[in-house]
Every structure is written in structure tokens, then in C-alpha cells.
Amino acid sequence: MTALSVLDLAFIPEGGTAADALDRSLELARRAEALGYTRFWLAEHHNMVGIASAATAVVIGHVAAGTSTIRVGAGGVMLPNHAPLVIAEQFGTLATLFPGRIDLGLGRAPGTDQQTLRALRRDMTSADAFPQDVLELQTLLGPLDDGRRVQAVPGTGTEVPLWILGSSLFGAQLAAALGLPYAFASHFAPDALDSALTVYRDTFKPSAQLDRPYAAVGVNVIAAETDAEARRLFTSTQQSFTRMFRGTRGLLPPPLDDIEAFWSDREKAQVSHMLSCSIVGGPATVRDGLARLAERTGADEFIAAAAIWDRDARLRSYDILAEAAALAAEPRLRACG
């Protein structure tokens, strides 16, 4: 059975506040833990009024403190925005507080716009040093070497598991070269999914952390009691991506009865392409979609995102997903093409 996890951006819903979003994140993490999900990840984004997870390590601490067994981590931290030492200290502290439960996924994208990059004091060429920064971070979280004058306190010796996140062949090649698990962001950038997984698996080199390739695939899953209701819930995601193209980002909007009246043909094509790695429907549709995606990708894990405006509907979506995933693992369904 493909492992199942949650990616949460702590969306702030229209009519709600950042406090509401963070409360919903903890509520969802508790539900995911009860349902047997493997991990609960939060992502770093800056200057986005509809996302409350900018201070990613702080939110991870909030969620980890309110749960007891599920792994909690970053999906991910945009490492070029930070000094590796600072991230080692943050996640070393989290690992000290919540031993054996913290993950650290690393990306090289800014997670924001050019103006905000300047506010972050980020060097515009810092992404070029991403591989070296990953190695530095790995060293800081590893055992203390004789003669090392700078160490992360807490952090040294915690060996927080690192992941490489990506949506291109670069991340796949880096994860393979370093022998790290790899998570592909197909939930919004699906184009290179198949080729990146092939490169990762074909060039993987075992490491102290991982002896064989381990690939996670991001997927939007919007589940409801019926296909029609799921499609309606999905219009919140579709509106958000359309607004991104329009340059009018905002809070997560409530669903629409008629999405066709909202977007142009061009916007529909753009958004539909970006969201093509999505499974939207009732229990049977979700079950079959998971089986097909597992057959296509051979993923070790699915990391499911669900930008659903209604609080109860979001919780119910993850309930249905967990049930559908168990059914999709049955041999007769895994054979579906």
C-alpha cells in the first residue's frame, strides 16, 4: 500500500483569520493522525495574504505539540532564504522537543515574489549554492566532528531526516546524488513528474540516511460523497490559481456553483494544466484515481493537498481519501491502467 500523507499550506479562508487557519491545521493534523496518515507537512510561503505558514518552523512546533505520533515537518523550507545554521538550530530544537517525529523537506525556490526576496535580504544568486547549503545543513545536524568550531545547539547529532523537494530534473538529480528521499511537486507543476522519477531512481546512490530510492508524489485530492460535490469543492482551488494568473491573490474563496462563469477559456486551460495531477470525486472516483496514479508512478508515498474552504468538508475529504487509499491497494485495482 502506498503511504499517505498530508501537505497543508494553512490556507486562510474568506471570512476567517490567520488564527482560524492555524487552528484548522492542528485540527486536520489530529484527524490525519487518527486515520493513520504517515506525516503532516507545512510549506514556507511569504507575503501571501491567504497562507499562514510563513514561519514554518513555528507552525510545525504548534502542530507537533498538539499531536503525539504523526510525523510533522516542512514540505518545505526554502533553504536559499536562510542560513543553514539557523535552519539546523530551528529543526534541531524541534527534533529535541519531538524526537523521532520531525522531517525537513528542502526546496530551492523562493516561495515568493522578487520584491519580497529583497525584504528577506536574500541574495538573488543564493539558489546557486543550494547543493552546498544542503550538505552544510546535513553536517550541522550530524554528529560533532573533532575540530568543528561552529555547531547547532540544539541540532548537532539530531540527524533530522532531510528530503529534497522539486518540480524539475535538478531536484531529482540532487536527491539521487545525495541519497535522500525525493518529493515531487506535481500538485501544481506536473510536467516533469515521470522523467524526474526516472532520473531519481536510475541515478540514486545509497547513503547513511537511505539505502534505496524513496519517492513521494504531490497530488491534489478533493473527495466528497459524490463526484458533483467534489467538483464543486474543487472550484475554491481553481479560483485561487486563476487569481494567481490575474495577479489578484487573496484568501481561499468559497466554492462556486458555476466555475465556467468565473474564468476565461485561456485561464481555464492554464489552471487545468497546472492542476492536472488532481483526483476529484466521490469515493469510487478517488479510489480508482489513486490506483492509476500508483500504477503510473510507482510512488512510495502520496502527499495529498486539499484547498477546501469549508472546515467540515476538508476533514471529510481526508476521511474519504484514507478509506479510498486502502481500497486502491487491493491487487485487482492496482492492476488498473
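Colleague: What do the numbering and the values rest on?
Modeller: Residues are numbered from 1 along each chain as its sequence is written, and side-chain values use heavy atoms, without hydrogens or water. As the model is predicted, local features need pLDDT of at least 70 and side-chain atom pairs count only at pLDDT 80 or more, while totals for chains, interfaces and linings use all residues.

Colleague: Why is Thr235 called buried?
Modeller: Its relative accessibility is 3%, and buried means under 20% relative accessible area, with exposed over 50% and partly exposed in between (1.4 Å probe, protein chains only). Thr235 therefore counts as buried.

Colleague: What makes Arg71 and Asp103 a salt bridge?
Modeller: The term requires a side-chain nitrogen of Lys or Arg within 4 Å of a carboxyl oxygen of Asp or Glu. The N to O distance between Arg71 and Asp103 is 2.8 Å, so the pair meets the definition.

Colleague: Are these two residues buried or partly exposed?
Modeller: Arg71 has 21% relative accessibility, so it counts as partly exposed. Asp103, with a relative accessible area of 1%, is buried.

Colleague: How do you know that Glu267 and Arg246 pair?
Modeller: Their side chains meet at 2.8 Å, N to O, which is a salt bridge by the cut-off above. Glu267 is buried because its relative accessibility is 14%; Arg246, at 37%, counts as partly exposed.
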